Amino acid sequence: MKILLFDFAETVPTVESLSNAILEAEFTTSNLWILVAAALVFIMHLGFSALESGFVRRKNVVNILYKNMMIIAIGLLTYWFVGFNLMYPGENVGGYFNIPKLMLNPEIADLTSSYGNYTYWTDFIFQAMFAATGATIVSGAVAERIKLEAFLVFALVFVSLIYPIVGFWKWGAGWLDALGFYDFAGSTLVHSVGGWAALAGIIVLGPRKGKYTKKGMRAIRGHNMPLAALGVFLLWFGWYGFNGGSVLSADPAGVSKVFVTTSLAAAAGAIGAALTGFIMFKTHDISMVMNGILGGLVGITAGADVISINGSVVVGLIAGILIPLAVTFFDKMKLDDPVGATSVHLVCGVWGTIAVALFGTLDDGVGTLSDQLIGIVACGVFTFVLSFALFYLIKVTMGLRVTSEEEEKGLDIGEHEMTAYS
Amino acid sequence: MKILLFDFAETVPTVESLSNAILEAEFTTSNLWILVAAALVFIMHLGFSALESGFVRRKNVVNILYKNMMIIAIGLLTYWFVGFNLMYPGENVGGYFNIPKLMLNPEIADLTSSYGNYTYWTDFIFQAMFAATGATIVSGAVAERIKLEAFLVFALVFVSLIYPIVGFWKWGAGWLDALGFYDFAGSTLVHSVGGWAALAGIIVLGPRKGKYTKKGMRAIRGHNMPLAALGVFLLWFGWYGFNGGSVLSADPAGVSKVFVTTSLAAAAGAIGAALTGFIMFKTHDISMVMNGILGGLVGITAGADVISINGSVVVGLIAGILIPLAVTFFDKMKLDDPVGATSVHLVCGVWGTIAVALFGTLDDGVGTLSDQLIGIVACGVFTFVLSFALFYLIKVTMGLRVTSEEEEKGLDIGEHEMTAYS
Amino acid sequence: MKILLFDFAETVPTVESLSNAILEAEFTTSNLWILVAAALVFIMHLGFSALESGFVRRKNVVNILYKNMMIIAIGLLTYWFVGFNLMYPGENVGGYFNIPKLMLNPEIADLTSSYGNYTYWTDFIFQAMFAATGATIVSGAVAERIKLEAFLVFALVFVSLIYPIVGFWKWGAGWLDALGFYDFAGSTLVHSVGGWAALAGIIVLGPRKGKYTKKGMRAIRGHNMPLAALGVFLLWFGWYGFNGGSVLSADPAGVSKVFVTTSLAAAAGAIGAALTGFIMFKTHDISMVMNGILGGLVGITAGADVISINGSVVVGLIAGILIPLAVTFFDKMKLDDPVGATSVHLVCGVWGTIAVALFGTLDDGVGTLSDQLIGIVACGVFTFVLSFALFYLIKVTMGLRVTSEEEEKGLDIGEHEMTAYS
């Protein structure tokens, strides 16, 4: 596919060549949008880096930054090597799993993808940017106590196998897709899947030292609120690519609707979390507002295209309300999550997937409540069990948690022999 | 409106269907650009957050971040609920004010907007991103001493009523538009309007403790220059959407000219402020360069489409020169503005609106100097009087200013029971 | 050039008007992409600012931010005034140098550029964003000891003369282009040219006080790793515009391939540098990963369009491996580069230019190894000699290096009478 600029100058165009040229013009615009969207999803990795490093203590900042840089590198390379072909096999091979070819196929590079709106390479890079997101969600939840190399092994397996297999069930036209399960941009396939893996990691690892004591729960404050706020804004910004690009074309009605529902859900999430947080904690807790925004974004992700504008406000508001409730719940269960990743990605991911059945307005393709629940449970059980087993295997082989001394001193000194600030 | 991809395969295209398809291709590209521009304007809210939090003291950082997150949330939701219909009534109802319908109209969602280059939803989200900007400008000027809840009430009224009414006068085809007043992307309608409200707030609130003493003015330094610099760069970046999207299509000549004038004005603003600042203060004051860039951007905003390339350098240079003069002037008047918002947005907003009459090169639609002055004064008086009254009303009812003890201790502890750093 | 929206409604379209309209639609999309790419390249200046300010000590942060803001301002204005016409003369005037006209030509503003895919203004602004990059590379290498005004004089001459002349040799259709030298987006023309100038500056200036002592080399740590990491992510993000925009159209196959090669090279650079760094230094050194990413990006820049997907992984991996080796080498040579700019931009820039000959897969236009080497040497010698002479001239006239006391105290106090944090 090559654009036709000035080709007409040389021949007398026919109706057929004109219509082909128009199709190419549409193709060019859609392809461009998915590439820009891929760049926006890329910036979410900076968003996660900033959010997570802002929410941890200053002694663990280099460690979280190092992990997030390695995650995007590992994510892109494993997705190129195996993940993309595992998730999008081209021809369906049973619905649950397929034996993938390795690496991209150089011969089909010029061809359009199966969706017809962008090239094979665009298809790859947009999906590749998604692939590492799940591991990034985990990295925040297990922060401040996991061994660096142990985490990198987990991330490698999670990104190259667990995420693509679950994703294949729906987006690769596997069994969940055949069932009628609906997940537009990944409230379940990306966010709750990341959240379930995070939960498994939290359980196997245990809480940070000093978090839950006999005297009760101790709040461990993040070290840098501007950094965390920067992360929230950049994640919101990137979500326009995450959701907007999931339209998989530049279709004006589709993309513009998704921009509106995504924006209003984020805004309503902020308000829902701010008010609920104020009622519960009697102060204006900025971490609630931050996670409320993210909860609203996660919540609308499954149905950003099929939920009405007014519905998106309700979906975001409820997601925001869920945030302080979930954070309190996880702390009651002594599940220590330094950045609130399980509240944001697991709880609001589940909520958003249910919301599709409650608020979806398009007849075609929206799952029933039972379809949605089946999908939530199937993805949850598969991811949680495999992630738990993987974390456990790492624990009994190479070790999962840093020593008590290293945790005290901080992982920056322990794993990197340096400090984040001087 | 749905894009036509591969529809041709099924029918023999006619000249009419071909021309419709071409129009849809153009529509798709323009719609996409306005959505990308909306995302760029969104990132300006991160820019303002970073700039303002960098320019305040570390004891007030959480507070400014909290306000900026709530502003974008309130701005989007109120604009959805009432602001958009108030500002763009569809049919003109007298030129000064109209009774709006509430919420977006689901029935016209698929239709093209009145401009014909993008959908109704795109129209909404691009304008919604603008709506909260004015309140953000105010938040910097009244920082470090205003009560959180008092500010949020002000922001709610300002964004949902004051901004849309003034905006309607010009962009909703109201009386200023009929008069011939020209304001391309909002030097007056966004920036000086925000600046006038900021000035009202500064006057009603009074200066920060210890700013103006018997011994003279005391410079209160911002706590984090990299954060402020990050804000300036992100604002500049977002301005490509603010001005570039205001072309309201992807028209190549229009958008590319606006990119050039916007860039050169920002650059000239930096140089103008750097040189003038060095002459006045005998040192290389980075806050002057930062505000010089922003002043250049504000200055070119009213005429980015109609001012020549060379003219844009002059407009930006003068805006930059104005910055150190205005900062000094406001300090002489004991009007305490921690971030220089009045110098940047009010002074350079007025300058830019005048500059349209002096440097505009297009015959069609550019206001005369008297048209421009009428618009500046009308918007200024309306905004200043209403904002002053609103701040005053808040002051005598719920209280506007934190206690002297809270101001001393910082608003982060006072309003949020936490610190930005640990 | 004006887009045709709804023009068809008024006339009966002919085959000729239809084909013209399709060409305009394609033109509109390509023009839009190059403008978005220009904005992405702009954000690289924030990336450099954050990276460099994170890697210096806290006493020199305001200084580096000030320099980076002035560089983009000077870069845009000098490129408008002289650089653009010097680099793209329109008609070739001998291949080595031409006498440029001053300022942009208002008469050809509406016309398409010589490439036919975007306007004259788009051409200017995209190239203008590149122009200042070289000076930014230098600013990191000479940080913490160069006089502000001396650096600004260097930047002024470098950006307005040295960079455009070298660029003209290839991109302005000069003698290197005629030879067959290939450099897609500037591994040599931007990065190694910036690197050679940096090396000249380092040599003339000498190392920072206390860097190389009798007891050996002392590592001087950067003051803020999250800031540096932010810079790396933003540079990667901006590189999608730097390389993706260098396709000079929205050609789907071209842009999407460049996105993939750029992404995988950056990822492979991270892995290559992480592993090599761990072997060499026995710790997980985050600065190696950061510079490994940047090295991968610089390395793929010369051939992002002609190197295969698998080849891009190899090119990036080798670039990453080169980083710890180069950093160690420069330190052995007592060439003190606080941010590793010479390792990233000079070494990987040379490597990437060679890689085109080794991994290039397109027959048309890719230089032989000897063509590539001639280009590398010619650009290197010209830039190094002129930059060395310029730095030396500044040294003996206005002075190049701050006093020993100022270096000790920090340039923030010395040049700006303030500190970055309070």
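In this predicted model, the contact between chain B and chain A draws 58 residues from chain B and 48 residues from chain A. On the side of chain B that touches chain A, the elements giving two or more residues are helix H1 (15-55), helix H2 (61-87), helix H3 (120-131) and helix H15 (411-416) of chain B, and the largest share, 20 residues, comes from H1(B). Sorted by class, that side of chain B has 44 nonpolar, ten polar and four charged residues.

**How the copies are related**

- Chain B is superposed on chain A, with an RMSD of 0.0 Å, by a rotation of 120 degrees with 0.0 Å of shift along its axis, and that is the relation of a three-fold axis.
- Only 9% of the interface residues of chain B are also interface residues in chain A, so these copies meet through different surfaces.

**The contact between chain A and chain C**

- This contact is made by 58 residues from chain A and 48 residues from chain C.
- On the side of chain A that touches chain C, at least two residues are supplied by each of helix H1 (15-55), helix H2 (61-87), helix H3 (120-131) and helix H15 (411-416) of chain A, with H1(A) giving the most, 20 residues.
- The residues on that side of chain A divide into 44 nonpolar, ten polar and four charged.

**Two packed helices in chain C**

- Within chain C, helix H9 (residues 252-281) packs against helix H11 (residues 309-332) at an angle of about 35 degrees, and the axes of the two helices are 6 Å apart.
- The crossing in which H9(C) passes H11(C) is right-handed, and the residues of this contact comprise 19 nonpolar, nine polar and no charged.

**Helix H11 of chain C along its length**

- H11(C) is built from 24 residues and reaches 35 Å from its first C-alpha to its last, which is close to the 34 Å expected at 1.5 Å a residue.
- After H11(C) comes Lys334(C), a residue whose phi is positive, near 55 degrees.

Notes:
Residues are numbered from 1 along each chain as its sequence is written. Chains are lettered from A and ligands numbered from 1 in the order in which they are written. This is a predicted model: local features need pLDDT of at least 70, side-chain atom pairs count only at pLDDT 80 or more; totals for chains, interfaces and linings use all residues. Axes are lines fitted to C-alpha atoms, for helices over the stretch in contact, and angles run from 0 to 180 degrees between N-to-C directions. Helices (H or I, at least four residues) and strands (E, at least two) are DSSP runs, numbered from the N terminus. A crossing is left-handed if the near helix is turned anticlockwise from the far one by less than a right angle, and right-handed if clockwise. Ala, Val, Leu, Ile, Met, Phe, Trp, Tyr, Cys and Pro count as nonpolar, Asp, Glu, Lys and Arg as charged, and the others, Gly among them, as polar. Copies are superposed by least squares on the C-alpha atoms of residues with pLDDT of at least 70 in both. Two residues are in contact if their C-beta atoms, placed from the backbone, lie within 7 Å. The expected span of a helix is 1.5 Å times one less than its number of residues.
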